[in-house]
Amino acid sequence: MNSLLIGELAPEQPSFEPTKNKELTDEFRELRATVERMGLMKANHLFFLFYLLHILLLDVAAWLTLWIFGTSLVPFFLCAVLLSVVQAQAGWLQHDFGHLSVFGTSTWNHLLHHFVIGHLKGAPASWWNHMHFQHHAKPNCFRKDPDINMHPLFFALGKVLSVELGKQKKKHMPYNHQHKYFFLIGPPALLPLYFQWYIFYFVVQRKKWVDLAWMLSFYARVFFTYMPLLGLKGFLGLFFIVRFLESNWFVWVTQMNHIPMHIDHDRNVDWVSTQLQATCNVHQSAFNDWFSGHLNFQIEHHLFPTMPRHNYHKVAPLVQSLCAKYGIKYKSKPLLSAFADIVYSLKESGQLWLDAYLHQ
C-alpha cells in the first residue's frame with residue numbers, strides 16, 4: 001500500500017469525515033471483536049455437510065420420480081418442483097461458499113463454490129463474485145450496486161431516485177403501473193430470460209474458461225440423465241419450468257430485504273449506516289430460515305458477511321442493542337408482509353415518479 005500513500009493529514013485536520021458517524025463505527029468495531037471472541041465467525045461444518053447432502057438427495061429423488069413413476073403429467077411436475085428446490089437451495093449454499101463463510105481457508109471455499117454454483121447450478125462463480133461483492137460494498141446505492149440496475153430502464157426505485165426521474169421528465173416505462181408489470185417481467189423472467197443467456201456472455205467475454213468448464217459439466221449431467229427419459233422436447237420443457245419456478249423463488253426472497261428500503265445515490269455515509277439503511281429482516285422460523293437460506297437475517301448478513309449463517313440468530317440481539325442505542329430502526333417483519341412490501345414500495349415510488357413527472 002505504500003505506493004498509494006499520498007501523504008499524511010496535518011495534525012489539525014479531522015481524521016474522520018463529517019458525513020460519517022465515528023461513534024457508531026467505533027462501537028461496531030468493538031462489537032465485531034466481541035463476536036469474534038464468542039466464536040461466532042467459525043462454521044459448524046456438519047451443518048453445511050447436511051445442507052449439501054439434502055440438496056444432493058433431492059436431486060436424486062427428482063430423477064428417481066421419473067424413472068420409477070414414468071413421465072406422465074404428475075411425476076413430471078413433481079420432478080420439476082423437486083429440481084426447483086434443488087436449484088434454489090443450491091443458490092443459498094453457493095452464497096455461503098462465495099462469502100468464504102464455511103472453511104477457514106479461501107481455497108476450500110472457492111473450490112466448493114465452483115462445485116455448487118458451477119456443477120449443481122450451471123452458473124459462473126466469477127460472475128457471482130463480480131456482482132455480489134459490489135452489492136455488499138454499496139447496497140442500494142445507484143450506479144454502485146448492480147442489483148438495482150433495473151432503475152431506470154424497467155423500474156423507478158426508491159423515493160429520491162423516482163422523484164428525480166420525474167423531474168427530469170424521463171419515462172422509459174409507465175412506472176405508475178410498475179407494481180403490476182413487476183409480476184410479468186420480475187420474478188418469472190429474471191432467470192430464464194436474462195440470466196440464462198447473460199452468464200454465457202459473461203464467461204466468454206471475460207475468458208473465464210474454468211467457470212465455463214464447470215457450467216458445461218452441469219448441462220452435460222442434466223442432459224444425459226433426463227434426455228433418455230423425456231426426449232429433447234420434454235427435457236427442454238422440464239429445464240425451463242425449473243428455471244421459471246426457481247426465478248420466482250429467487251426474486252421474491254432476494255428483493256424482500258432491499259427493494260422496500262432506502263435507495264439513493266451514494267451519500268458517502270459510514271459503512272455501518274450504509275448497510276443498515278439498505279436492509280431489513282424477516283422473522284425467524286424453521287421454514288423461513290430454510291426457505292430463504294437464512295437471508296431473512298439480512299441485517300446481520302450485511303454487517304458480518306463472512307459469518308456462517310447458522311450464527312445470525314445469535315448475533316441478532318447484539319445488533320438490535322446497537323441499533324437501539326443510536327436510534328436506528330431495526331426492521332423485521334413476517335415473510336408474506338415482506339413480499340407485499342416489495343409491491344407496495346414499487347407502487348409508492350411509481351406514484352412519486354408520476355407526480356413529479358406531471359407537476360414538477
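H294 is buried, with a relative accessible area of 11%, where buried means under 20% relative accessible area, exposed over 50% and partly exposed in between, using a 1.4 Å probe and protein chains only. This is a predicted model, in which local features need pLDDT of at least 70, side-chain atom pairs count only at pLDDT 80 or more, and totals for chains, interfaces and linings use all residues. Residues are numbered from 1 along each chain as its sequence is written, and side-chain values use heavy atoms, with hydrogens and water left out.

H294 sits in the loop between α11 (286-292) and α12 (298-303), and its phi is near 65°, a positive value in a residue other than glycine. L100 also has a positive phi, about 60°, although it is not a glycine; L100 belongs to the loop between α3 (73-98) and α4 (106-120) and, at 33% relative accessibility, counts as partly exposed. In the loop between α5 (125-137) and α6 (159-167) lies P152, which is joined to H151 by a cis peptide bond with omega at about 0°. Most residues other than glycine have a negative phi, and most peptide bonds are trans.

The protein chain as a whole has 14 helices and two strands, these being DSSP runs numbered from the N terminus (helices H or I, at least four residues; strands E, at least two). Of its 360 residues, 48% count as buried. Among contacts in the protein chain with a separation of 6 or more, 71% come from residues 24 or more positions apart, a contact meaning heavy atoms within 4.5 Å.
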